[in-house]
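Subject: Structure handover

Hello,

Here is the structure I promised to pass on. Please look it over first, then read my notes below.

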Amino acid sequence: MKTYSMALAFVIGLVEGVSAQEPVDLTIATGKAGGGYDKAAQTLGKVIGQRGYSYVVDNYNGSKEISLKVCNNQANLGFMQIDALYAREMEGCTLEVIASYGAEYAMMFVPPKSNIDELSDLTSSDKIIVDTVGSGSELWWDTVVGIETGDEGSGDDWATDQVLRDTKIIQAFALSKKNGVSAVIVVNKPNSDNIKKLLKAGWQLVELYDKDINDLQYNNGPLYDSLEVEVGESDVGFVTNWSYKVESFIAANEYVIDNSQLYDDLLNETNK
């Protein structure tokens, strides 16, 4: 399976599409307007429209909501993280992966001079930030807490810490002093603005690693690959530590699978 190219997103403008009230051949569920998922969905709509299909792109608040809409037949196709696919399958809804969208990394940062070196140092007295509601960071954290506190988990203390919901990563700087925030969990590209801001403020990348997370298998492999990631810039230096690879996919429900021509055309357009 090849990776869906994002290059077209930079050369194709806004998509006309059709209104949500009109009957359409394809409803694409994607993330917030202007985000990476949304730009890719708009591009996909444009190219599939060139094949004669009518379509609409609907924006939702992250992978969890997107996957629920596709499973509930309120959309036919969606852009979503692997943990959303996993969660829906555990509920009895198996979606068909059309193409890979790419990957980000789950990373853990702590404030300057923190005595926390790794995930296992967190306890129930610690407060952490997992970005805004619906974010990939929040979804990842909720998934791994479910793993750790589930039947196959060892119930480590880190899964009992206090989570500050709907709190942007950038708020960590003030809250670490005001409310005693101990750590930030972020799912992002290593060179993202969030990571650059954390590093420039003196926050440290620490080890994000747990055996129970590593052991969970999905589709003949780990749900999240455990690997080392390097972050930094020339003016603040570079550092490497353990993280988790979080893949994203374009996935469809039975409506697309049963429409063989649409299915084949989507495969052709997303696997170039």
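The protein chain has nine helices and ten strands. Both are DSSP runs numbered from the N terminus: helices are H or I with at least four residues, strands are E with at least two. The radius of gyration is 19 Å, close to the 19 Å that the globule rule gives for 272 residues, so the chain is as compact as a globular protein of that length. That radius is taken over C-alpha atoms, and the rule is 2.2 Å times the number of residues to the power 0.38.

This is a predicted model: local features need pLDDT of at least 70, side-chain atom pairs count only at pLDDT 80 or more, and totals for chains, interfaces and linings use all residues. Residues are numbered from 1 along each chain as its sequence is written, and side-chain values use heavy atoms, with hydrogens and water left out.

Some overall figures. The C-alpha atoms fill a box of roughly 60 × 45 × 30 Å, taken along the principal axes. Of the 272 residues, 47% are buried. Buried means under 20% relative accessible area, exposed over 50%, and partly exposed in between (1.4 Å probe, protein chains only). Among contacts with a separation of 6 or more, 76% join residues 24 or more positions apart. Contact means heavy atoms within 4.5 Å.

Now the disulfide. The structure holds one, where the term stands for a pair of cysteine sulfur atoms within 2.5 Å. Cys71 and Cys93 form it, with their sulfur atoms 2.0 Å apart. The link is left-handed, at -95 degrees about the S-S bond. Cys71 lies in helix α2 (residues 63-71) and Cys93 in the loop between α3 (82-90) and β4 (96-110), so the pair ties together parts that are 22 residues apart in sequence. Both Cys71 and Cys93 are buried.

What else is buried in α2? Ser63, Ile66, Ser67, Lys69 and Val70 are, along with Cys71. Their cover includes β1 (26-30), α1 (36-49), β3 (77-81), α3, α4 (136-149) and β10 (237-252). Just after α2, Asn73 takes a positive phi of about 65 degrees.

One more residue to check: Arg88, in helix α3. Arg88 is buried, with a relative accessible area of 4%.

Best wishes
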